Amino acid sequence: LPANEVAAVKDTWNHIKHDEVAILEAVFKAYPDIQARFPKFAGKSLDSIKGTSAFAIHASRIVSFFSEYISFLGVENTQPAIKTILNELGQSHRNRGVTKAQFEEFHQALMSYLKSHNMWNNDVNHAWDDAFDKMYFVVFSAL
Ligand code: HEM
């Protein structure tokens, strides 16, 4: 990723990275089929689960994963480490039957959240598209 894109991704991520529960809530609200993949949350109303510790723990895992991925961007010699964590993510989600289409849904939901909580323009949008492309290229190879 070019330096200006890395900066745009880090800056906009820093604005929302503490909204762990709100992010997962936005994802489940936009795409109930994602919620349905979670044995702990399937078939329950979003309002009844969003305040639970199980929800907070999972939200924190997802957001931490992104924070780790983003922390590697633009840093030299992190390519092997990035590949390893993304491969593991693909494998663990393949084992749960998660599809590429669902990862794309997740992408759309996270982008919407980012957009509505940041100053947004085409350059920022493009930077995030590149960051997701780079991420999903590896994840999908393991899915
Ligand atoms: C577990 C991250 C997308 C379903 C996890 C974990 C992480 C994670 C870090 C815990 C560690 C592990 O088991 O691998 C992410 C990220 C995503 C993503 C970063 C997108 C880039 C999805 C999608 C679905 C999904 C789209 C469903 C459609 C699950 C389930 C678990 C899980 C069912 C197990 C939860 C449990 O322990 O009860 N995810 N995930 N994930 N993820 Fe994802």
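1. The ligand takes up the space of the largest pocket; a molecule counts as sitting in a pocket if more than half of its atoms lie within 2 Å of the grid points of that pocket. The model is predicted, so that local features need pLDDT of at least 70 and side-chain atom pairs count only at pLDDT 80 or more, whereas totals for chains, interfaces and linings use all residues. Residues are numbered from 1 along each chain as its sequence is written, and side-chain values use heavy atoms, with hydrogens and water left out.

2. The volume of the largest pocket is about 740 Å³. A pocket is an open set of points, on a 1 Å grid over the protein atoms alone, with protein on both sides within 12 Å along at least five of seven lines; a cavity is a set where a 1.4 Å probe fits but cannot get out; and lining residues have an atom within 4 Å of a point. Points are joined across faces, edges and corners, and a volume is the space filled by probe spheres set on them.

3. The largest pocket is lined by 26 residues, of which Phe 38, His 58, Ile 62, His 93 and Arg 96 are the closest to its centre. Two or more lining residues come from each of helix 2 (20-30), helix 5 (53-72), helix 6 (79-94), helix 7 (100-116) and helix 8 (122-142). Helices here are DSSP runs (H or I, at least four residues), numbered from the N terminus. By class, this lining has 17 nonpolar, four polar and five charged residues; Ala, Val, Leu, Ile, Met, Phe, Trp, Tyr, Cys and Pro count as nonpolar, Asp, Glu, Lys and Arg as charged, and the others, Gly among them, as polar.

4. Around the ligand are 19 residues, and Phe 38, Lys 40, Ser 92, His 93 and Arg 96 come nearest; a residue is near if one of its heavy atoms lies within 4 Å. Helix 5 gives this shell its largest share, five residues. A polar side-chain atom of Ser 92 is 2.8 Å from a ligand oxygen atom, and an N or O atom in the side chain of Arg 96 is 2.6 Å from an oxygen atom of the ligand.

5. The structure also holds one cavity of 30 Å³ or more. The lining of the largest cavity draws its largest share, four residues, from helix 2, and comprises seven nonpolar, no polar and one charged residues.

Methods:
Polar contact = N/O pair within 3.5 Å; in protein donor to acceptor, adjacent residues only side chain to side chain.
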